[in-house]
Amino acid sequence: NATQAAIRAGYSQKTARSIGKENLTKLDIRDAIDQALAERAAKVEVDQQYVISRLVEVVERCLQRRPVMNITGKQVQDEDGKNLWTFNAVGANKALELLGKHQGMFVDRVVHGGALELIVTLPQVDR
């Protein structure tokens, strides 16, 4: 995060939050961050498509739409020779939640039930 980065860069803890936020608006710093993130993503070969496709796979497996497979790609069987299928509601719900958030389907809203007081201070004008 920007605050911790500012502290690691030598700024004081008192000013690190504002400095960190300010530094993110500087194009050269933003470009360096974007470049580092792109290099890391390329190195580990993880991008949005990878994450989304894995979440879809988790949903399919958790909802029994895919069989349980072993590491070699063969379907796992129980002691009686029956192919294993599993249902995992928790895993399916979490993967669907993450996919929904990615699609912007869920928006956190803050409901304010109290009164607001607005104080407007006008600048003094010399005449």
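## The largest pocket

N1, A2, A5, A6, A9, Y11, G20, N23, L24, I29 and I33 line the largest pocket. A pocket here is an open set of points on a 1 Å grid over the protein atoms alone, where a 1.4 Å probe fits and protein lies on both sides within 12 Å along at least five of seven lines; a lining residue has an atom within 4 Å of a point. The model is predicted, so to speak of local features takes pLDDT of at least 70 and side-chain atom pairs count only at 80 or more, while totals for chains, interfaces and linings use all residues. Residues are numbered from 1 along each chain as its sequence is written, and side-chain values use heavy atoms, with hydrogens and water left out.

The volume comes out at about 200 Å³, taken as the space filled by probe spheres set on the points, with grid points joined across faces, edges and corners. Three helices, α1 (2-8), α2 (16-24) and α3 (27-44), each give at least two residues to the lining. Helices are DSSP runs of H or I, at least four residues long, numbered from the N terminus. Split by class, the lining has 8 nonpolar and 3 polar residues, and no charged ones. Nonpolar covers Ala, Val, Leu, Ile, Met, Phe, Trp, Tyr, Cys and Pro; charged covers Asp, Glu, Lys and Arg; the others, Gly among them, are polar.

One of the lining residues is N23, which sits in helix α2. N23 is buried, at 14% relative accessible area; buried means under 20%, exposed over 50% and partly exposed in between, with a 1.4 Å probe and protein chains only. Setting aside neighbours within four places in sequence, N23 is in contact with Y11 and I29, where contact means heavy atoms within 4.5 Å.

T3 belongs to helix α1. With a relative accessible area of 24%, T3 is partly exposed. Its contacts, again leaving out neighbours within four places in sequence, are A16 and R17. V46 is another matter: T3 and V46 are 43 residues apart along the chain, and their C-alpha atoms are separated by 26 Å.

## How α4 meets α5

Two packed helices are described by the angle between their axes and the distance between the axes. For α4 (residues 48-62) and α5 (residues 89-102), the axes come within 8 Å and cross at roughly 145°. The axes are lines fitted to C-alpha atoms over the stretch in contact, and angles run from 0 to 180 degrees between N-to-C directions. The crossing is left-handed, that is, the near helix is turned anticlockwise from the far one by less than a right angle. On the α4 side, the contact uses Q48, I52, L55, V56, V58, V59 and C62; on the α5 side, G91, A92, A95, L96, L98, L99 and H102. That makes 11 nonpolar, 3 polar and no charged residues.

Not counting residues up to four places away in sequence, A95 touches L55, V58 and V59. A95 and V58 are 37 residues apart in sequence but 6.6 Å apart C-alpha to C-alpha.

## Q75 in the loop

Q75 is in the loop between α4 and α5 and counts as partly exposed, at 25% relative accessibility. Beyond residues up to four places away in sequence, Q75 touches P67, V68, M69, N83, L84 and W85. For Q75 and W85, the C-alpha distance is 9.1 Å, at 10 residues apart in sequence.
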